[in-house]
Amino acid sequence: MLQATHLTKTYGGIAAVRSVSIELKPGEIVALVGASGSGKSTLLSMLAGLTDADSGDVRIQGERIPGPSEVLVPGHDAIRLVHQEYQLMPNVSVRENITYALRFFEKNYRDFRVNELLTLCRLTDVQDRLPRQVSGGEKQRTAIARAIADKPAILLLDEPFSHLDLPNRLIVRDLLFDLVRSESTACLFVTHDSSDALSIANQLGILRDGRLIQFGTPTDIYRQPATSYAARMTGLVTIVKAKHLPVLGLPASDHPETLICLRPEHVHLDDSGVEGQLRALFFKGSHYELEVELSRYVCLRALSTRNDLQIGQRVRIRVDEKAVWKLNR
Ligand SMILES: Nc1ncnc2c1ncn2[C@@H]1O[C@H](COP(=O)(O)OP(=O)(O)OP(=O)(O)O)[C@@H](O)[C@H]1O
């Protein structure tokens, strides 16, 4: 449906996006994850036809989307971009902000659809307030309601969860699920938070310094990250050189300088394992995150549900050999 090929954008010598190719299909949620400055917003804006690419192009159903310098009204009817700052009209109500997106529709349908959107986005109670009189989550939902009002084929979202508390994140998440299911909308959102990306997206892309360095399903990227950056961007991880494998109680490697990564759920407290010292303990509600020091150079991240652990205590750990993953860099 939406296909970007070799998109490149440079700002005064700084390459913000470098030859990124990506495809978005109906009913699919794609997340792009990257550190601050990795080019997420620039890429999103080019995909929406709101920023000129230096080279490469964006096509929808094969038709090229012109950049803003080529047209009077930038963008494309089938594509909506929800910005981080929401960009709501400040002097009209939540309801009117949404209604504006439907101004070309017949009044009966417009009223029906606005009411439907208010319910869907849980905004009915605040519909008559101005944007400054509602919470961040309500503003975010108003921006999404406005963007999806006329059922665009493609929804692009810039950091849709960044200012939201957990209940609001869940509302927005369910909203996106509903949309892709009921309207077959294609969604792409950018984020620097791996947990949203892993749990919501069907496909995940990792952006680094403007390059799409890995693209695949969340499970594949989580389990088999290409690089240490991809590993860190997708969750808690321990990365060490393979020469330290014997310290973990595992067989030595023929490639001692290779980097290996291990997710914490594959490191178990087990009396038959190697000994270390508990350096840190973080309560996470359902479990604890631990840091276990095995040597001066090796400190492993682990998870446990045990309640009797104390910092400084000696513990034994066992590592799943099968879960050790070699990184390219
Ligand atoms: N209008 C601009 N003029 C000059 N440089 C820019 C402009 N917009 C972005 N950049 C630069 O391009 C790079 C990518 O920026 P971009 O905003 O796309 O990254 P990002 O991943 O969205 O960052 P963040 O997560 O902090 O929003 C950065 O180095 C940024 O400073």
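Before the tour, one definition: helices (H or I, at least four residues) and strands (E, at least two) are DSSP runs, numbered from the N terminus. With that, take residues 2-234. That span is 34% helix and 27% strand, and its end C-alpha atoms lie 25 Å apart. An unreviewed UniProt entry annotates residues 2-234 as "domain: ABC transporter". In such records, positions are given in the numbering used here, feature names are shortened, and annotations may be inferred rather than shown by experiment.

Two notes on the model. It is predicted: local features need pLDDT of at least 70, side-chain atom pairs count only at pLDDT 80 or more, and totals for chains, interfaces and linings use all residues. Numbering starts from 1 along each chain, as its sequence is written.

Now the whole chain. The protein chain has eight helices and 17 strands. Its C-alpha atoms fill a box of roughly 70 × 45 × 35 Å, taken along the principal axes. Of the 329 residues, 39% are buried. Buried means 20 or more other C-beta atoms within 10 Å of a residue's own; exposed means 12 or fewer; partly exposed is in between, with C-beta atoms placed from the backbone. Contacts need a cut-off too: two residues are in contact if their C-beta atoms, placed from the backbone, lie within 7 Å. Among contacts in the protein chain with a separation of 6 or more, 65% join residues 24 or more positions apart.

Next, the domains. Domain 1 runs over 2-232, and domain 2 over 238-326. These bounds come from an automatic or database domain assignment. The domain centres, taken over C-alpha atoms, are 38 Å apart. Five residues from domain 1 and four residues from domain 2 make the contact. On the domain 1 side, two are nonpolar, two polar and one charged. For these classes, Ala, Val, Leu, Ile, Met, Phe, Trp, Tyr, Cys and Pro count as nonpolar, Asp, Glu, Lys and Arg as charged, and the others, Gly among them, as polar.

Arg223 and Ala323 are 100 residues apart along the chain, yet their C-alpha atoms are separated by 8.1 Å. Arg223 lies in helix H7, residues 218-223. Arg223 counts as partly exposed because it has 14 C-beta neighbours inside 10 Å.

What about the core? The largest nonpolar core has 83 residues, and Ala31, Leu47, Leu156 and Cys187 touch the most other members. Both domain 1 and domain 2 give residues to this core, so it lies between them. Such a core is a set of buried Ala, Val, Leu, Ile, Met, Phe, Trp, Tyr and Cys residues joined through C-beta atoms within 7 Å.

Look at Ala31. Leaving out residues up to four places away in sequence, Ala31 touches Phe189, Thr191, Ala197, Ile200, Ala201 and Leu204. Follow that to Ile200, in helix H6, residues 194-200. Ile200 is buried, with 23 other C-beta atoms within 10 Å.

On to the ligand. Which residues are around the ligand? They are Tyr11, Ile14, Ala16, Gly34, Ser36, Gly37, Ser38, Gly39, Lys40, Ser41, Thr42 and His192. The test is a C-beta atom, placed from the backbone, within 6 Å. By class, this shell has three nonpolar, eight polar and one charged residues. Strand E2 (14-24) and helix H1 (40-47) each supply at least two. H1 gives the largest share, three residues.

Is H1 mostly covered or open? Mostly covered: seven of its eight residues are buried. They are Lys40, Thr42, Leu43, Leu44, Ser45, Met46 and Leu47. After H1 comes Gly49, with a positive phi near 75 degrees.

Last, two backbone angles. Most residues other than glycine have a negative phi. His6, in strand E1 (residues 2-11), has a positive phi near 50 degrees. His6 counts as exposed, with 12 C-beta neighbours inside 10 Å. Ser19, in strand E2, also has a positive phi, near 45 degrees. Ser19 counts as partly exposed, with 14 C-beta neighbours inside 10 Å.
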